[in-house]
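Have the structure open while you read.

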Amino acid sequence: MFGRKKKDKPPKNTDSVEFRLWMARKLDGRSLRYILEREENGVERVIGKGGVLSYFEGEFSVISGDKTLFVTTASELHAWEFLSLEGATLTGFDKVEGKERTILAYYKYYRD
């Protein structure tokens, strides 16, 4: 309790804008092994290998190589880490494809 700062704790309301921005900051800079997209029929397909999660100037992006695969406004991002902490599920309105998408991002290295 003594070594923690108040900003290290997530906001209690997971539907709040504060929580969404907190998650965007937490995920920023994570290196990725691979990226999947969950389609409407429940099928998951690989859309990228290697990459990074980026939070910059209010936007959250998933970048693989020289391609931007997913961009959403951070305040509208719904993000949760897997129970295994090996990756995260990202849902939001994608500015790249112009529709709501769910992305599964698997981290390259797990260190917390």
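Here is a quick briefing on the chain, grouped by topic.

This is a predicted model, where local features need pLDDT of at least 70 and side-chain atom pairs count only at pLDDT 80 or more, while totals for chains, interfaces and linings use all residues. Residues are numbered from 1 along each chain as its sequence is written, and side-chain values use heavy atoms, with hydrogens and water left out.

**Overall build**

- The protein chain has one helix and seven strands; these are DSSP runs numbered from the N terminus, with helices being H or I of at least four residues and strands being E of at least two.
- Reading from the N terminus, the order is α-β-β-β-β-β-β-β.
- Along the principal axes, the C-alpha atoms fill a box of roughly 45 × 25 × 25 Å.
- Buried residues account for 37% of the 112 residues (buried means under 20% relative accessible area, exposed over 50%, partly exposed in between, with a 1.4 Å probe and protein chains only).
- Take the contacts between residues at least 6 apart in sequence: 40% of them join residues at least 24 apart (contact means heavy atoms within 4.5 Å).

- On a 1 Å grid over the protein atoms alone, a cavity is a set of points where a 1.4 Å probe fits but cannot get out, and a pocket is an open set with protein on both sides within 12 Å along at least five of seven lines; lining residues have an atom within 4 Å of a point.
- Searching the whole structure turns up one cavity of 30 Å³ or more, and the largest cavity has a volume of about 50 Å³ (grid points are joined across faces, edges and corners, and a volume is the space filled by probe spheres set on the points).
- Helix 1 (17-27) and strand 5 each give at least two residues to that cavity's lining, which includes Phe19, Met23 and Trp80.
- The cavity lining splits into five nonpolar, two polar and one charged residue (Ala, Val, Leu, Ile, Met, Phe, Trp, Tyr, Cys and Pro count as nonpolar, Asp, Glu, Lys and Arg as charged, and the others, Gly among them, as polar).
- The largest pocket has a volume of about 160 Å³, and its lining has no nonpolar, one polar and eight charged residues.
- Strand 7 provides the largest share of the pocket lining, four residues; among the lining residues are Glu37, Arg45 and Lys99.

**A hairpin**

- Strand 3 (residues 59-64) and strand 4 (residues 67-73) run antiparallel, joined by six bridges (two strands pair if DSSP finds at least two bridges between them).
- Glu59 has Thr73 of strand 4 as its bridge partner.
- Two residues sit between the strands of this hairpin, and Gly65 takes a positive phi near 60° there.

- Phe82 is in the loop between strand 5 (78-81) and strand 6 (87-94), and it counts as buried because its relative accessibility is 16%.
- Beyond its neighbours within four places in sequence, Phe82 contacts Gly87, Ala88, Thr89, Leu104, Ala105 and Tyr106.
- Ser54 belongs to strand 2 (residues 44-56).
- Not counting residues up to four places away in sequence, Ser54 touches Asp28, Glu59, Phe60, Ser61 and Ile63.
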